[in-house]
Amino acid sequence: MIMEPVHIGFGNIIAMNRVIAIVSPNSAPTKRTVQEGRNKGLLIDMTNGRRTKAVIITDNGHIILAALAPETIAGRLQASRENPALKLDPGDEKCEP
């Protein structure tokens, strides 16, 4: 499987092939989801103290907070898909296990 790494700010990178949804943090259901993730120990804060602009939900239940807007993250994913040189294949010597 090809890993699709996307930079989400402050040196943080996520594997987009594990992402189910990228949502805005403003709605009440999203705020509840973030709180439940915090209570279960599944919350990963990648905002570096900045305001949360996106909540990323992964297939294994982790909730990731990002300081970039969902549109920005989606644009970076699109750019990486258009430029295959940005992808990392697990068989590639640059990709570490």
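Mentor: A nonpolar core is a set of buried Ala, Val, Leu, Ile, Met, Phe, Trp, Tyr and Cys residues joined through side-chain atoms within 4.5 Å. Buried means under 20% relative accessible area, exposed over 50%, partly exposed in between (1.4 Å probe, protein chains only). This is a predicted model: local features need pLDDT of at least 70, side-chain atom pairs count only at pLDDT 80 or more, and totals for chains, interfaces and linings use all residues. Residues are numbered from 1 along each chain as its sequence is written, and side-chain values use heavy atoms, without hydrogens and water.

Trainee: Which residues of the largest nonpolar core touch the most other members?

Mentor: In soluble globular proteins, nonpolar side chains tend to be buried together. Here the largest core has 13 residues, and Ile-8, Ile-14, Met-16, Ile-56, Ile-64, Ala-66 and Ile-73 touch the most other members. Two or more residues come from each of β5 (54-58), β6 (63-66) and α2 (70-82). Helices (H or I, at least four residues) and strands (E, at least two) are DSSP runs, numbered from the N terminus.

Trainee: What does Met-16 touch?

Mentor: Contact means heavy atoms within 4.5 Å. Leaving out residues up to four places away in sequence, Met-16 touches Glu-4, Val-6, Ile-22, Ile-73 and Leu-77.

Trainee: Is Glu-4 buried or exposed?

Mentor: Glu-4 has 12% relative accessibility, so it counts as buried. It lies in the segment before β1. Its side chain makes a polar contact with the side chain of Arg-81, at 2.8 Å. Such a contact is a pair of N or O atoms within 3.5 Å; within protein, one must be able to donate a hydrogen and the other to accept it, and residues adjacent in sequence count only if both atoms are side-chain atoms.

Trainee: In what order do the four strands form the open sheet?

Mentor: Two strands pair if DSSP finds at least two bridges between them. The order is β3-β5-β6-β4, with mixed pairing. β3 (19-23) and β4 are the edge strands; each has a single partner, so one side of each lacks a neighbour in the sheet. β3 and β5 pair in the antiparallel sense over four bridges. Val-23 stands opposite Val-55 in β5.

Trainee: Where is Asp-45 found?

Mentor: Asp-45 is in strand β4, residues 43-46. It is partly exposed because its relative accessible area is 48%. Its side chain joins that of Thr-47 in a polar contact of 2.5 Å. The C-alpha atoms of Asp-45 and Ala-66 are separated by 7.0 Å, although the two residues are 21 apart along the chain.
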